[in-house]
Amino acid sequence: MKDKIFGVLQRVGRSFMLPIAILPVAGLLLGFGSSFTNETMLEAYGLINVIGPGTIVYAIFEVMSEAGNIIFANLPIIFAMGVAIGMAKKEKEVAALSAVIAFFIMHASISALITINGGTEELLSGATASVCGITSLQMGVFGGIIVGLGVAALHNRFYKIELPQVLSFFGGTRFVPIISALVYTGVGILMFFIWPVIQTGIYAVGNVVLESGYAGTWVYGLMERLLIPFGLHHVFYLPFWQTGLGGTMEVGGQLIEGAQNIFFAQLADPTVEHFAVSATRFMSGKFPLMIFGLPGAALAMYKTAKPEKKKAVSGLLLSAALTSMLTGITEPLEFTFLFVAPVLYGIHCVFAGFAYMLMHICNVGVGMTFSGGVIDLFLFGILQGNAKTNWIWIVIVGIGYFIVYYFLFSFLIKKLDLKTPGRDDSEEVKLYRRSDVEARKNTGGASGSVVKSAEDELSRTICQGLGGKKNISDVDCCATRLRCTVFKPELVDDKLLKSTGASGVVHKGNGVQIIYGPRVTVIKSNLEDYLEKAEERTAKKVTQTIVISSPVTGTAADLSTAPDEAFAAKMMGDGAVVTPEDAVVKAPEDGEVCFVFETKHAIGFLTDSGISLLLHMGIDTVKLNGEGFKVFVENGQKVKKGEPLMELDLAYLKAHTPSITSPILCTELEDNQKIRLLKEGHIQAGEGLFAIDLYE
């Protein structure tokens, strides 16, 4: 039951990311627009005659302000669509349309009941609001989330429904908006009676939080960071930012609920003298943590790395620290030490709570759009002036955080001998060498095809690491994580997933989160394309089959068993492995020797049927510089199947290499070609090793 609950919460959390992703853009528009149309600010900086009222620049900033403000004013319907899209498994565009329909119908139903029961005068002050021009109950983003979750459930249940012949036109995806409209007419009626009770409860909990003082702020900061590894932090902080849990306040004559909504409403109000700390207490604590604290931890990890590894570690930590400082995206840096030194992450969470509490104590009124980087600090702190924000305390406390993080982390890393980056001798093991990559480029294939296949190779490896396409139920992502649901968690290969560049893998029940950092959205899109192509290949017919024979007598096995992650993950191509028992390596098919490596350990081969092969004899044999190999052919030589290509000194190779298992690879497969292993176990040279099926 716990795993199921976690899985649901994980999917809910990631579905929030789509509407949350628009907030930085909306915040930038509103931040610049409101700042440069605030006459008090313009006078303070002596800009009233340059870009004041009546100028073209002022008009542009007014447009920017309204463009940003409209997003925050309509977050409920944006969340309704975003959550529906995020939770729908297929046909997401249908779910989005259905969510909009259900949203309007629910609020229209509530509006009708308000009119029937005497109008807004009969309800408590502040209980109603205008929602897209409809007089309805003040439900905030909760209303959108209720619609998004419900519509997604209806969509996943009914988008493939088959109706009787006479009604078949209304079946399938067309049925989803129909059933959503009917259901949410009832939901609207129900909400009219029960939401006031729920609203009272939310306000009561919100008051408890607001009255909890500095201790409550510390707990909030602690919990927000503690939930990062589980991917549930969005579920935790969003209600404080967007609902009555984060407080309510009258701004510009309107009752606003939710900490972030209060801040941006005040940002657009030129009469505000100081932003409400009761709201920004849920946001401002991130700034000293992300701009100063975590970079201090990064410096500590760099300084404590072994001298010979500092150069390699510096690039990883510098990029992660800059990402944290500029954008406030911290997971790449946090997960750098979370998985190797959990004690540091625990201390980090405690200090995160103190950062929020100190900002509360110092009366800091700086809000944010998404996360606490320099960009948000400049827009919503520095640009607004210290009188309205007390932003200078972020710098003062932040410098202290940098010093504490640097010295404390340095001490603990050395004292406890924590294996942070650059301190583990096994950390620098290479998956493949530069010479191997250069050799692949020299096979004669177009460089464009190599680039084109790189994305598919990464997706293929991720798919394999998740247990194969049939084991994947759902794919989505948040800001930094690929979030997947699988049918059998035991089939997931963490080691293989980490070989794709992931900084960590988190398991909980059927949920798997793979941490890639900000590039995760591209990885997710490529993976979805790859899985879609896999479905197409499965559905299409095989039009041709090309058989590739074993070049050597020995033991054949699947490529995934190769004792090298680069080959096992098919980074160099797909095929099979053979562990030689005979010393002579023979031509697998009629064809041409494209190239012989200078180190003699591998041969590039082009069959007469047009298949590019790489015969890589042994693992890490490139370092032998030709010892143990005797080559009989040269570049450009035509050969017949079964002709000797090289001879192996098996005794020498077994003594001087990790393994003599030899990958036999197709290096340039097309999208409509797929490898099928033909033989496992003992195999004779010239016997079919694997087939290449060509699909329609």
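Start by selecting Ser-109: its side chain reaches the backbone oxygen of Ile-105 at 2.8 Å. That is a polar contact (a pair of N or O atoms within 3.5 Å; within protein, one must be able to donate a hydrogen and the other to accept it, and residues adjacent in sequence count only if both atoms are side-chain atoms). Before moving on, note that this is a predicted model, where local features need pLDDT of at least 70, side-chain atom pairs count only at pLDDT 80 or more, and totals for chains, interfaces and linings use all residues. Residues are numbered from 1 along each chain as its sequence is written, and side-chain values use heavy atoms, with hydrogens and water left out.

Now show helix H7, residues 92–116, where Ser-109 lies. Helices (H or I, at least four residues) and strands (E, at least two) are DSSP runs, numbered from the N terminus. Is Ser-109 buried or exposed? Ser-109 is buried, at a relative accessible area of 13%; buried means under 20%, exposed over 50%, and partly exposed in between (1.4 Å probe, protein chains only). Leaving out residues up to four places away in sequence, Ser-109 touches Tyr-184, Thr-185, Gly-188 and Ile-189, where contact means heavy atoms within 4.5 Å.

Next, the sheet. Select its eight strands, which form an open, antiparallel sheet in the order E17-E13-E14-E15-E19-E11-E10-E21; two strands pair if DSSP finds at least two bridges between them. E17 (638–639) and E21 (681–683) stand at the edges with a single partner strand each, so one side of each is left without a neighbour in the sheet.

Zoom in on E13 (residues 591–596) and E14 (residues 602–607), which run antiparallel and are joined by five bridges. Here Val-593 stands opposite Phe-605, and Phe-595 opposite Gly-604. Five residues separate the two strands of this hairpin, and in the turn Lys-600 has a positive phi of about 65°. Colour E14 by accessibility: five of its six residues are buried.

Carry on to E15 (residues 612–616), joined to E14 by five bridges. Leu-606 has Ser-612 in E15 as its bridge partner. In this hairpin, with four residues between the strands, Gly-610 takes a positive phi near 90°.

Last stop: the cysteines. How many disulfides does a search of the whole structure find? It finds zero, a disulfide being a pair of cysteine sulfur atoms within 2.5 Å. For Cys-463, the nearest cysteine sulfur, that of Cys-484, is 9.7 Å away. Cys-463 is buried at 6% relative accessibility, whereas Cys-132 is partly exposed at 36%.
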